[in-house]
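This report goes through a multi-chain model, taking overall form, contacts between chains and selected local features in turn. The sequence and coordinates come below.

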Amino acid sequence: MSYIAILLTYVFINNFILVQFMGLCPFIGVSKNNETAIGMGVALTFVTGVSSIACWVVYYGLLMPFNLTYLRTVVFILVIAALVQLVEMIIKKMSPALYKALGIYLPLITTNCIVLGIAIINIDKGYNLLECFASGIAAGLGFTLAIILMSNIREKIDLNPVRKSFQGVPIAFISASLMALAFMAFDKSLLANLHLV
Amino acid sequence: MNIKEFTKGLFKENPTFIIMLGMCPTLGVTTQVVNALGMGAAVIFVLTFSNILISALKKIIPDCVRIPCYIVVIACFVSIVEMVMHAYLPSVFNALGVYLPLVVVNCIILGRAEAFANKNSVGDSALDGLGMGLGFTMSLTLIALIREVIGAGTITLIPIGSFSGTITIPGLSANPVRVMSLAAGALLLMGLLKAFFQYLQNRKEAR
Amino acid sequence: MKTYIKVALILGSICAVSALLLAFVNQVTEPVIKALASQEEIAALSDVAAGMKIGAKEAVADSDLVKERYSLGNKEGWILKVETNGYGGPISLVASLLNDGSIIAAKVVSSSETPGLGKKSELPGYMDMFIGKGASSQIPTSKDMLSSEDSQAVSGASVTFTAISKALDSASAYVKSIGGR
């Protein structure tokens, strides 16, 4: 698959939040305002990009040669947890300003389904190293797109009267449902029409 | 041992509808009832055993590395479930797909380890895990039942003997509301159900 | 320093114990998983073989979608394993074809299509619209080529239909290309 096809697939067609439901917890929790939504999105895109590569290297470099593929889940989550910690420390050292902006989101990312999800999907689909990186970045971008759209909608909703039972999370889910409906316009035929498959 | 630790997970602190944890599998696998049951069984197993082990090891595990320790314990149980399901329930294993390894990062499990198991006795932790797991399974089955009945007009259960495992609902199966089995329907249903629970809670408080 | 070593030791031993446990479970389950996979393959093959003898498995390298082939009966045709991409992910199917490229039977082995929509392709009867096609009559690869009844049956899941029909079409083309033998 070409890199553009991978990007389109994970940003639009298989958007991690609106189609695959991964990372819904932060999507609902951190989308109350625009600024934090962007922060979370950028931090996540960074981590998915790096961890996709790390997991790919560990899987094909360590687990496959020693026939230990059954340890995949344990090893991947450890790699991701260690990596997030490392990224946090590096950012703290290199750029305190960036740390101030992203720092609070980083610990949340270890338990974000998208990071582990994309690492496992990469292996299942048999992507090579660069395709892996592309899909990792695309997964993060898809999340960023969805969460920024969502935060804008929620800022608007806050200004309008909502029935008491629907306030907060329920109306957020219903808005997300309408967004998912719109995202159904993107399907596999998009790739076919662009001659990418 | 306190029986309350068991019952609170079923309704009062239901992980899906009240605490709102572990949303990804809740919506991802609920297109068929049998998948919801499979996912629920996996979560009950992992949650109960990780709660027991973590509460048994709470004196040994150093505070500064407790999260990595919990994650390793949880991931280990998840891998066991993965392999056993692959071997003995292959159809459910295939249907759950990537959502099965994702149980590792299901916030319910790490959340219960951090909030309950590392403070309480082994017995209480086991009951807490069992109750929370059952509450999760119940909510999952409810969502799956609504989605499958409306979205496909069928109820898919485990095939036993001459029973093929699928109940077809006449009328609905010919003209199902297909959007319910897609992503948009799942999110809509979740919003409506959460609104319903908020309504119940508001009414209780008003009294 | 001493506390670091202690912490590292504890974390390390937890990892080691879980790795050992997993290795043990893997020892138990791996043969079952392998046996299951080959059993499923044999069942799927005999489903489409129409009572004829199935030959040995041969890998196919020179086709996009066709992955494996088995000779059928007394060199009367082939069973092909075809892999393609549907709406929800990969679809794997087996199809038996006569040497002239016409389809005897076909079956979806695994797919992750939407229940109620593309998943219907796994039901018996779905493949009826392809049977007998491929030699003199063309395999329907778009909805316009179907009878109105069949077209109704695939409506709402046209991505799945297109994927399956293209897979069968390429299977037929493959058999024609190696035909004659």
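The model is a predicted one, and the values below are computed from it.

## Chain A: overall form and confidence

Chain A contains 10 helices and 0 strands. Along the sequence, its pattern reads α-α-α-α-α-α-α-α-α-α. Its C-alpha atoms occupy a box of roughly 60 × 45 × 30 Å along the principal axes. For 197 residues, a compact globule would have a radius of gyration near 16 Å; the value for chain A is 18 Å, which agrees. Of these 197 residues, 47% count as buried. Among contacts in chain A with a separation of 6 or more, 79% come from residues 24 or more positions apart.

The average pLDDT of chain A is 86, and 98% of the residues score at least 70. Within the chain, helix H10 (residues 188-193) has the lowest confidence, with a mean of 74, while H8(A) has the highest, at 92.

## Helix H7 of chain A

H7(A) has 13 residues, which at 1.5 Å a residue should span 18 Å.

The buried residues in H7(A) are Cys113(A), Ile114(A), Val115(A), Leu116(A), Gly117(A), Ile118(A), Ala119(A), Ile121(A) and Asn122(A). Within chain A, they pack against helix H3 (34-63), H4, helix H6 (106-109) and helix H8 (129-158). Chain B also takes part in this packing, through its helix H2 (23-28).

## Contact between chains A and B

How many residues does each of chains A and B give to the contact? Chain A gives 34 residues and chain B gives 34 residues. On the side of chain A that touches chain B, the elements giving two or more residues are helix H2 (24-29), helix H4 (72-94), helix H7 (113-125) and helix H9 (169-183). H9(A) gives the most, with 9 residues. By class, this side of chain A has 25 nonpolar, 8 polar and 1 charged residues.

On the chain B side, helix H6 (residues 107-117) has buried residues Cys107(B), Ile108(B), Ile109(B), Leu110(B), Arg112(B), Ala113(B) and Ala117(B). The cover over the buried residues of H6(B) includes H2 of chain A. Chain B itself supplies helix H3 (33-56), helix H4 (66-88) and helix H7 (122-152) to that cover.

## Contact between chains A and C

Chain A has 6 residues in contact with 6 residues of chain C. On the side of chain A that touches chain C, the classes are 3 nonpolar, 1 polar and 2 charged residues.

Strand E1 (residues 54-59) and strand E2 (residues 66-72) of chain C pair in the antiparallel sense over 4 bridges. They form a hairpin with 6 residues between them. Ile54(C) has Leu72(C) as its bridge partner in E2(C). Is E1(C) largely in the open or largely buried? Of its 6 residues, the number buried is 0, so E1(C) lies largely in the open.

Ala50(C) sits in the loop between helix H1 (2-48) and E1 of chain C. It counts as partly exposed because it has 14 C-beta neighbours inside 10 Å, and a residue counts as buried at 20 or more. Leaving out residues up to four places away in sequence, Ala50(C) touches Ser96(C), Ile104(C) and Ala105(C). Ala50(C) and Ala105(C) lie 55 residues apart in sequence, with a C-alpha to C-alpha distance of 7.7 Å.

## Chain C: the loop at Ser102

Ser102(C) is in the loop between strand E4 (90-98) and strand E5 (103-110) of chain C. Why does Ser102(C) count as buried? There are 20 other C-beta atoms within 10 Å of Ser102(C), and 20 or more is the cut-off for a buried residue.

Not counting residues up to four places away in sequence, Ser102(C) touches Leu97(C), Gly132(C), Lys133(C), Gly134(C) and Ala135(C). Ser136(C) is 34 residues away along the chain, and its C-alpha atom is separated from that of Ser102(C) by 8.0 Å.

Methods. Residues are numbered from 1 along each chain as its sequence is written. Chains are lettered from A and ligands numbered from 1 in the order in which they are written. This is a predicted model: local features need pLDDT of at least 70, side-chain atom pairs count only at pLDDT 80 or more; totals for chains, interfaces and linings use all residues. A residue is buried if 20 or more other C-beta atoms lie within 10 Å of its own, exposed if 12 or fewer, and partly exposed in between; C-beta atoms are placed from the backbone. Two strands pair if DSSP finds at least two bridges between them. Two residues are in contact if their C-beta atoms, placed from the backbone, lie within 7 Å. Ala, Val, Leu, Ile, Met, Phe, Trp, Tyr, Cys and Pro count as nonpolar, Asp, Glu, Lys and Arg as charged, and the others, Gly among them, as polar. The expected span of a helix is 1.5 Å times one less than its number of residues. pLDDT is the predictor's confidence in each residue, from 0 to 100. The radius of gyration is taken over C-alpha atoms; the globule rule is 2.2 Å times the number of residues to the power 0.38.
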